[in-house]
Structure formats: structure tokens, C-alpha cells
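Open the model in your viewer and keep the selection tool ready. Each stop below names what to select, then says what is there.

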Amino acid sequence: MNSKYNLTHLEELEFESMYVMREVAAQFERPALLFSGGKDSIVMVHIAMKAFYPGPFPFPLLHIDTGHNFDETIVYRDNLVKKLGATLIVGSVQQSIDQRRVVEEKGATASRNILQTTTLLDTIEQYKFDAAIGGGRRDEEKARAKERFFSHRDEFGQWDPKNQRPELWNIFNGRKNIGEHFRIFPISNWTEMDVWQYILKENIELPELYFTHQREVFNRDGVWLAKYPFMTLKEGEFYETKTVRCRTIGDVSCTGLTLSTANSLEEIIQEIAATRITERGGRADDKRSEAAMEDRKKEGYF
Amino acid sequence: MSKFSSKGYLDMELLRFTTAGSVDDGKSTLIGRLLYDSKSIFEDQLEAVKRASLRRGTEHLDLALVTDGLRAEREQGITIDVAYRYFATPKRKFIIADTPGHIQYTRNMVTGASTADAAIILIDGRNGVTEQTCRHSYIASLLQIPHVIICVNKMDLVDFAEQRFLKIKEDFTAFSRQLHIPNLTYVPISALHGDNVVEPSVNMPWYEGGTLLQVLETIPVGNDHNMEDGRFPVQYVIRPLSDQFHDYRGYAGRVAGGVFKPGDEVVALPSMFKSKIKTIESYKAQLEKAWAPMSVTFTLDDDIDVSRGDMLVKPDNMPKVTQDLKVMLCWMNEKPLQINGKYAIKHTTRDVRCIIKSVEYKVNVNTLERIKEDGEVGLNDIACITMRTTSPLFIDDYGQNRRTGSMIIIDEATNNTVGVGMVTLNGDF
């Protein structure tokens, strides 16, 4: 008799994520949703909108801004905020550098990726956020595969992977002491493919960067990086114009572009289904060592 | 051609399964094999595995390394924590809760089992049914996983002999009568060589059943949720207070059991106020019905007082409302359970406190023996206990409903989750 009560995998994932969002609103006093302008955070905003309809979602968007953004990301972010009437809080890595909280890396491969951790933790402290909702997915990276939906952080913002709280059924324990906070990952169980299929199903608008376009790029260690004033060429590197799109969007300095002519969501999904390289394969930030993500996460990274 | 047709993926189902086993059983190799043969491992991941295999001096590609996680696990060559892994075929998306099998990680196995629709239990074809098999099956039964698949592994080391497979099947069938396993399937495999994992084995022509992947693709899903007893724990009250929705009060939550329709009469617990469901909403759409595990919003005909932690149920089918509970407990903390100790409880969306009254018995998970003399419940112990809560909980037997029959127990000093409980109303496990 139950066959008519089946749900598709996307429906199940969406219901799970909505449930997590509502738990956050119920269990925490000052949550914030980490918004990077990438597809995962865009999907989270969409789910949050559905979870609290017809009310607004009860938390601000928090953007940790490295200052090294694709222009399209900022345009998209500001339009979205305006459309939803949402509150946007920006934590600036440039400001952390100016205040000498962090020191900028030097050399051609310098990235502000790692500096974001300090800015993020400072912003969480400044606004007294007790929960930061992030778009991390367990399929992204091996250290993330062990992450909880409700991930406890101590007063230093640290993650202790060997001492995580057991998490069973759909009961989430958000209890904490003063000064501690939680990172919440509502789309933990989604894969890259799920995210794209959901974007297609829900007809969610994305930054143009995800679709094919002509761009001046250069090749570094097999990864195509975009030309921007703050990017410096190493010897032997040169700019050329290629037909590319972003498979993930992060900071310009660590976002590898994919050679692609995919111009619609359908084409992107076909491309991803056929591709044999993981999404983070183009992310310079993960290539620094075998445990690069685990180490950054322990310090308080996203 | 892509393995995902553009329409097909919108109809895919989801199956969550757990695997228990230790390194020796070939559990990691099996998962590696499933991912590899279903083409779910990407080139850069494979390159990393190749590099790691070489570094360790392994001759062949060590598929077990695919499941490596944290630094400590790589260094020690063991799985410590539950890791979640994902793969998909054109029919289904799968979530694997990959758990360590050693007794000291019972709590991790219980964690992985809590959300699983199916469990894979590995038996080494050379060793047959062992204490470890017993432990893994007991946990699957205790956590009420509806489908259990016994994979008799390393068939290559017992000459792919049918007799050996049948003997193990007979032994396990006899043993499993003590347990509650509704659906049991047996598959003879060799994870190392890939026999009957994704591809049918040419070495075991006598086996007529499906490969492991075929079994995983065809296990019925969707009927594992309770569809009889209407249960709607209220999670969050939506009050927009906007001009357009000035008087709107929506009760947001995830259906924990049964099917709800607009017009249904409901009772709010604990107040016992009655009303009718006016609408069931999912974003801008109004639904004709809602069932578990859908996240929806109810509006009611009457303005009754309902808030988070309350439960909407059907008047002719009520959960048990009680402060005195008997639960099967799995203890998850180094500091033992304190008899007469007070703890915080989370049950559905409800927060209460409790006092532990007694330990009825402990279970030896290797032999299923009940131990009544020893009242000390420590890390990884499973015990039947009684407790009293500060205010009533609205409960069902865990066997009837995994959502309204489960709870977590929290140490109020550390805020850590120290134990989990499964409510028992219909007798013992």
C-alpha cells in the first residue's frame, strides 16, 4: 500500500535539509548563514526560503570576503539580498590584514584562502553568532566525510575530529557553553550531482560564471586560473583566451576554471555525469597536502 | 552516453545503508569495490589511492585506501569514526554509513545503524559465523534496520564452494531466529576480485541470486516509515507578522508517522486541545496529504496554543503519554551511566530532564546473554534501563516508529551526547 508514498531522492534530501534549518532556528539564538555566492550556498538560501515560508528566514547572510572575488559573484550576491530583503553581513579579509590580525602570503601562488579562517572567527565573535550554517558536503573531501550536521566548536573555534558528539537519527544536540559555537551543515548528504539536479528541478538562478563564457586565463600546474589585477604570473606563464566555466566558485586565486561549452543546466549535468575528476580537483587550496582540509578545519575553516 | 538520463534522475530513490566490519573482513575493500566498479571513484581520487598504495609498498591497487579519512586513521590503518560515502546508479542514490566493526566502536556502529534502511554484514567465508557477526546482527536488530544483507566474503579463499556458502547460511539463519530481522538476503562475494559485487561471478555459477549491487538497487524503500500512526512533532512556529500574512500561524515540522490530510481532526499534546488541519503547506503549494519523512507546515482551524515540543496526533490513535519509560540504552561516553543521576533528554523536538531509576540488565553483545548482576553501564555497553522524566513524553515503541521511539541522553555538565535510547513498550529486545 505504501508505494504511492515514495519520495524521490531529491525530495528526501530537501526535507532533511529543511528540518536541519528549522532546528537551527529553534535551538540557537543568533545563527547566520555563510554565503559565498557559490552554488551550494545559493541552494541553502533557497531551502531556507522554503523552510520558513511565508515568513522570512530568521538569520542574516554572512559573507567572508577575501577581496579577491569574481565580479559576477558580488553582483549576484547584492541582487539576491535585495530580492529577498535579507540582511547581509560582510567579514572582510582585507580589514583583517589592515588590522594586522593576519599577514598576507607572499609570492605568485599567494592565496587569501587560509586567512579567511581568522576573519570568519573574528566576525562570529564580533556579532556573537552561536551557529554558522555552512554549505559543506560530505562527498567533497575525505575530512568532510566524518563531519556532523551539528558540529561543535570550542571557544577557540576549533574542530576536534576525534572527539565529535555522536549524532543519531534526526536528533541534533546544539547545547553548548558560552563562547562556543556550532557549524551546521544542512546539505551534508548532498553530492555535487544532487545540487545540480536540484538547481534544475527548482529552476534556481545562478551567477553567470557557472555557464560557458570567454575569459582570459593562464595555466598553472594544469589548472586554469582567471586573469585579475591581483593575480601575478610566474615565469613561463601567459594569458590566453579560452572558453571556460566555473565548476565551483571560491576566491579567484584558488578557483580552477573548466574548459567547457556547457551553456544550460542540462548541459552542465551531462558534463558532470561524464567527468572523471572531482569538483575539488581544481581547487588549489586542497592540493597543499594530503590532510590540507583536515588541518584547516581543525583551525576553524568553513 | 551519460549514465544519467535527464529525466531519470528526477525519479531516483534514496537508500541509506550501513556496513559493519573490521579491516580483516575486507569491509573497506568491499566499499572500495562498490565505488570503483560502479564508476563512482574519480580519476584524481584514484591517483591519490595509487600514490598511497605505492608508498605503502602494496603491489596491487589497494581499494581499501579509498575509504581513508582522518590523519589518525591513515596512520593506524583503521576506521575510527563513522564516515558517510555516496554513490549513485541510474536507479538509486546510495548513502553508506561506513562504520568500524571492532567491539570498542559499538557506539559508532549504533550511530551508523540509526539512519539506515539496510545493513550489510560481512562474514569471512573461512571463519563462518563468529562473535563479531553476532554483534553486528544484534545491533542491526536492536536499531530495527528493516533489511539485512549477509555478504559471505573471501569466497575465493574457500574455492568458491557452494557447500561452504550453504553451511554459513544455515548457521546464520539458525542464529538469527533470536533476533528481529524482517528481511534477510545472502550473497556470496569476493570483494578483492569483484565477484558478485557489481558484476556477476563467473566462479560461482551455482549462485542464482543477484549481485550485491542488484540487491541494493531492488530492496523496497519507502515502506520503512510508519504510515499508520499520525505523529507530527511541532518543530517551529512560523509567524510572519507581515501585512500580507498578518494572522498567519504555521506549525512547521517533519511528519514522524502516519498520513495527514487537510480536514483531519488532530489533538495537540500535551494540552489535549482539538482542532482540524486547515492546510498543509510546502512553500507556496498546498498539499493534499503529508507523510513521513516530509517537512511541511500545518495551519489549523482554531487558534489553539501549540508550540515547539508539542505533538499533533490523531484522536483515535494516540502515542503513550508518560513520564516513566523503559528504554534499551547504548552508552557512548567514558564516564559510566550514573544510577539516580540526572540527564537532559532530547526526544523528537521535545527537551526534558530525566533521572535514571534502574538497570534491569546488560546485554553481552557477543553472545546475547543478559547480565543482571552487573549494574555498571560503561562506554559501548547496551542495557535495558528505566527512567523518569520531568514532564511527559509522547512515545511509541521503537519497533513501531523509529522517530517517536528514539531519544538522546545528554550530560548537563558537558553538554555532550552520552547515550541513546530506544523506547520499549512491547517487551524486551
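**Stop 1**

Select domain 1 and domain 2 of chain A: 19 residues of domain 1 are in contact with 18 residues of domain 2. Two residues are in contact if their C-beta atoms, placed from the backbone, lie within 7 Å. On the domain 1 side of this contact, helix 3 (71–84) and helix 6 of chain A each supply at least two residues. That side of domain 1 of chain A divides into 4 nonpolar, 9 polar and 6 charged residues. Here Ala, Val, Leu, Ile, Met, Phe, Trp, Tyr, Cys and Pro count as nonpolar, Asp, Glu, Lys and Arg as charged, and the others, Gly among them, as polar.

**Before you go on**

This is a predicted model: local features need pLDDT of at least 70, side-chain atom pairs count only at pLDDT 80 or more, and totals for chains, interfaces and linings use all residues. Residues are numbered from 1 along each chain as its sequence is written, while chains are lettered from A and ligands numbered from 1 in the order in which they are written. The model scores ipTM 0.92 and pTM 0.92.

**Stop 1: chain A as a whole**

Helices (H or I, at least four residues) and strands (E, at least two) are DSSP runs, numbered from the N terminus. The C-alpha trace of chain A spans about 60 × 50 × 40 Å along its principal axes. Of the 302 residues of chain A, 53% count as buried. A residue is buried if 20 or more other C-beta atoms lie within 10 Å of its own, exposed if 12 or fewer, and partly exposed in between; C-beta atoms are placed from the backbone. Among contacts in chain A between residues at least 6 apart in sequence, 75% join residues at least 24 apart.

**Stop 2: helix 7 of chain A**

Select residues 265–274. Which residues of helix 7 of chain A are buried? They are Ile268(A), Ile269(A) and Ile272(A). Seen down the axis of helix 7 of chain A, these buried residues fall within an arc of 100°, so they line one face of the helix. The arc is that of the directions from the helix axis to the C-beta atoms.

**Stop 3: helix 8 of chain A**

Move to residues 292–299. In helix 8 of chain A, Met293(A), Glu294(A), Arg296(A) and Lys297(A) are buried. They cover an arc of only 165° around the axis, which puts them on the same side of helix 8 of chain A. Just after this helix, Gly300(A) takes a positive phi of about 120°.

**Stop 4: across to chain B**

Bring chain B back. The contact between the chains takes 62 residues from chain B and 55 residues from chain A. Select strand 2 (residues 83–88) of chain B: this strand gives the most to the side of chain B that touches chain A, with 5 residues. That side of chain B divides into 29 nonpolar, 15 polar and 18 charged residues.
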